[in-house]
Amino acid sequence: MSWEDNVKRVVPYVPGEQPKSKVIKLNTNENPYPPSPKVREVLSNYDIDELRLYPDVNAGELGMALAKYYGLNSNQVFVGVGSDDVLAIAFMTFFNSDKEILFPDITYSFYDVWADLYKIPYRMVELNDDFRINIEDYLVPNGGIVIPNPNAPTGVEKDVRELEKIVAKNPDSVVIIDEAYVDFGATSMLPLINKYDNLLIVQTYSKSRSMAGARIGMAFGNEKLIKYMNDVKFSINSYTMNRLTVAAGTAALEDEEYFKETCDKVIATRERTKVRLRELGFDMPDSKSNFVFATHESIPASDIFNAAKSAGIYLRWWNKDRISNRLRISIGTDEEMDALFAFLKEYIEARG
Ligand SMILES: *Cc1c(COP(=O)(O)O)cnc(C)c1O
């Protein structure tokens, strides 16, 4: 016997690298633009004496600001430390059936990690060859469903009327739609939370609001769903969101113009990237996110990944079934993308 016999052993999620040196970083879908100037202002003027006090357990000011911004009641809003925190709590709260939960086989690689951690049975449902979700696959007995829309790392958006069928035809399961990338031109299912009490929408500040480092995520749903999540959260740690982050997150919501402007810039660069990459011999599904999922007609993805890294350009590559010949390329500034295109052109020509 040893204490190690009683250790909970897990294989953790592996995030993209955060290099120490200055590189062109197109590997973790961060926003290339800084947060709104209003965030800088509120943090610069923050009354440090306030840190003496515990924060509000519901991220008070931020939860209310989010409710107002999205036209909801504050009891329809859950705030967490990034959407990873929100999703982990949602898995723990809602996925306690003996039946398998369902999610796509090519998707955010944290879902199976949480399922393993919480001992939730799961089945990965195969996307078709165009990386599309087949709705019928989700109309079978299940213990819950989680789908990102747009999906990651494919970038593919599923029509919300189609996804609604999954929600409508699974009234006995909670359906989580992970909308981490929805602000880059996709359609949100948020309005449907008033129609379906089993629909939970999860969003984040990390991508479209340029605040991955602040760690703010949120869930929207029927007040009963939100209450159950809060009960679990308050059984682990009530004070997860600190006062500085609450202030920063609230300020960001007040700057709609900046938000629109930066999202539009990312979208414009993404569209230009699709065209340029196709000229260079890449193929990719149509992305509605802040990344593209590209494969080259002749050069293996792993070779491009390694060569780009040596040239100081970080991309994301997984040595995984069905996607090992693909690169996920985050959308940076126009200058960063131009540097990528220049590198690729030279590299592809040199390979002949
Ligand atoms: C980035 C991402 C998240 C997590 O983001 P947070 O930084 O924890 O808010 C969740 N789901 C998907 C699909 C993502 O790509």
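Modeller: Let's go label by label. First, this is a predicted model, where local features need pLDDT of at least 70 and side-chain atom pairs count only at pLDDT 80 or more, while totals for chains, interfaces and linings use all residues. Residues are numbered from 1 along each chain as its sequence is written, and side-chain values use heavy atoms, with hydrogens and water left out.

Colleague: Why does Met-64 count as exposed?

Modeller: Exposed means over 50% relative accessible area, buried means under 20%, and partly exposed is in between (1.4 Å probe, protein chains only). Met-64 has 52% relative accessibility, so Met-64 counts as exposed.

Colleague: And where is Met-64?

Modeller: Met-64 is in helix 2, residues 60–70. Helices here are DSSP runs of H or I with at least four residues, strands are runs of E with at least two, and both are numbered from the N terminus.

Colleague: What makes Arg-243 and Glu-50 a salt bridge?

Modeller: The rule asks for a side-chain nitrogen of Lys or Arg within 4 Å of a carboxyl oxygen of Asp or Glu. For Arg-243 and Glu-50, the N to O value is 3.4 Å, a salt bridge. That pair links distant parts of the chain, 193 residues apart: Arg-243 is in helix 7 (residues 243–253), and Glu-50 is in the loop between helix 1 (37–44) and helix 2. Glu-50 itself is partly exposed, because its relative accessibility is 33%.

Colleague: How do you know that Asp-338 and Arg-272 form a salt bridge?

Modeller: Their side chains meet at 3.0 Å, N to O, and that passes. Asp-338 is in helix 10 (residues 334–351) and Arg-272 in helix 8 (residues 256–279), so this pair ties together parts 66 residues apart in sequence.

Colleague: Why are Phe-110 and Trp-114 called stacked?

Modeller: Rings of Phe, Tyr and Trp (its six-membered ring) pair if their centres lie within 6.5 Å; planes under 30 degrees apart are stacked, over 60 edge-to-face, and the rest tilted. Phe-110 and Trp-114 come out at 4.1 Å centre to centre with 5° between the planes, hence stacked. Trp-114 is buried, because its relative accessible area is 5%.

Colleague: What makes Arg-209 sit over the face of Phe-259?

Modeller: A charge sits over a ring if NZ of Lys or CZ of Arg is within 6 Å of the ring centre and within 35 degrees of the ring normal. Arg-209 lies over the face of Phe-259 at 3.8 Å from the ring centre. The charged end of Arg-209 also sits over the ring of Tyr-69, 5.0 Å from its centre.
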